[in-house]
Amino acid sequence: MKSVKLPNFKYNEDNLLDDSFEYIKGTYGQHYVGKKEIQTLDVWESMGIAEEMCLGTIVKYAMRYGKKDGKNKKDLLKIIHYAILALHYGGHGETYTEQNK
């Protein structure tokens, strides 16, 4: 396996991405995954509005940040999660490396 040397992240991006990944993993235990109930995202997708709703939800949490519970890190993590979902629903599911070959 090829070893990849990571850059020295000046702004702690590596740890922040790790936090984001852990947050997203945790959301799968909080919702209806694995049960018979349907998730809101599934409804949005079936209606053909998933990308737009993800973008709207990003705006919601961005506007809420700093107002509800102060500068709540969880609101920013939700923004990151919905941005990733918007990438998926917008047809950008390929990796950055694959896209730029």
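Trainee: In this predicted model, what share of the contacts in the protein with a separation of 6 or more comes from residues 24 or more positions apart?
Mentor: The model is a prediction. Contacts here are counted at a separation of 6 or more, and the part asked about joins residues 24 or more positions apart. That part comes to 54%.

Trainee: What percentage of the 101 residues in the protein are buried?
Mentor: A residue is buried when its relative accessible area is under 20%. Of the 101 residues in the protein, the buried ones make up 22%.

Trainee: Are helix 3 and helix 4 roughly parallel or roughly antiparallel?
Mentor: Helix 3 covers residues 50-64 and helix 4 covers residues 73-89. Their axes lie 8 Å apart and the packing angle is about 165 degrees. Angles over 145 degrees count as roughly antiparallel. That makes the relation of helix 3 to helix 4 roughly antiparallel.

Trainee: Is the crossing of helix 3 and helix 4 left-handed or right-handed?
Mentor: The contact involves Cys54, Ile58 and Tyr61 of helix 3, among others, and residues of helix 4 including Ile79, Tyr82 and Ala86. The crossing of helix 3 and helix 4 is left-handed.

Trainee: How do the residues of the contact of helix 3 with helix 4 divide into nonpolar, polar and charged?
Mentor: On the helix 3 side the contact includes Ala50, Leu55 and Arg64, and on the helix 4 side it includes Asp75, Lys78 and Leu85. By class, the contact of helix 3 with helix 4 has twelve nonpolar, one polar and four charged residues.

Trainee: Which residues make up the largest nonpolar core?
Mentor: Helix 2 (40-47), helix 3 and helix 4 each supply at least two residues of this core. There are ten residues in all: Leu41, Trp44, Ala50, Cys54, Ile58, Tyr61, Ile79, Tyr82, Leu85 and Ala86.

Trainee: Where does helix 1 stand to helix 4, roughly parallel or roughly perpendicular?
Mentor: Helix 1 spans residues 13-27, and its axis comes within 10 Å of that of helix 4. The two axes cross at roughly 80 degrees. Angles of 65 to 115 degrees count as roughly perpendicular. That makes helix 1, relative to helix 4, roughly perpendicular.

Trainee: How many nonpolar, polar and charged residues does the contact of helix 1 with helix 4 have?
Mentor: Helix 1 brings Asp19, Ser20, Tyr23, Ile24 and Thr27 to the contact. They meet Lys73, Lys74, Leu77, Lys78, Ile80, His81 and Ile84 in helix 4. By class the contact has five nonpolar, three polar and four charged residues.

Trainee: Is serine 20 buried or exposed?
Mentor: Serine 20 is in helix 1. Not counting residues up to four places away in sequence, serine 20 touches Leu77 and Ile80. Its relative accessibility is 6%, so serine 20 counts as buried.

Trainee: How far apart in space are isoleucine 24 and leucine 77, C-alpha to C-alpha?
Mentor: Isoleucine 24 lies in helix 1 and is buried, with a relative accessible area of 16%. Not counting residues up to four places away in sequence, isoleucine 24 touches His81 and Ile84. Isoleucine 24 and leucine 77 are 53 residues apart in sequence, and their C-alpha distance is 8.2 Å.

Trainee: Which residues is glutamate 45 in contact with, leaving aside its neighbours within four places in sequence?
Mentor: Glutamate 45 is found in helix 2 and is partly exposed, at 45% relative accessible area. Its C-alpha atom is separated by 8.2 Å from that of tyrosine 89, 44 residues apart along the chain. Leaving aside neighbours within four places in sequence, the contacts of glutamate 45 are Ala50 and Tyr89.

Trainee: What is the phi of aspartate 69?
Mentor: Most residues other than glycine have a negative phi. Aspartate 69 sits in the loop between helix 3 and helix 4 and is exposed, with a relative accessible area of 62%. Its phi is positive, near 65 degrees.

Key:
Residues are numbered from 1 along each chain as its sequence is written. This is a predicted model: local features need pLDDT of at least 70, side-chain atom pairs count only at pLDDT 80 or more; totals for chains, interfaces and linings use all residues. Side-chain values use heavy atoms; hydrogens and water are left out. Axes are lines fitted to C-alpha atoms, for helices over the stretch in contact, and angles run from 0 to 180 degrees between N-to-C directions. Helices (H or I, at least four residues) and strands (E, at least two) are DSSP runs, numbered from the N terminus. Angles under 35 degrees count as roughly parallel, over 145 as roughly antiparallel, 65 to 115 as roughly perpendicular and the rest as oblique. A crossing is left-handed if the near helix is turned anticlockwise from the far one by less than a right angle, and right-handed if clockwise. Contact means heavy atoms within 4.5 Å. Ala, Val, Leu, Ile, Met, Phe, Trp, Tyr, Cys and Pro count as nonpolar, Asp, Glu, Lys and Arg as charged, and the others, Gly among them, as polar. Buried means under 20% relative accessible area, exposed over 50%, partly exposed in between (1.4 Å probe, protein chains only). A nonpolar core is a set of buried Ala, Val, Leu, Ile, Met, Phe, Trp, Tyr and Cys residues joined through side-chain atoms within 4.5 Å.
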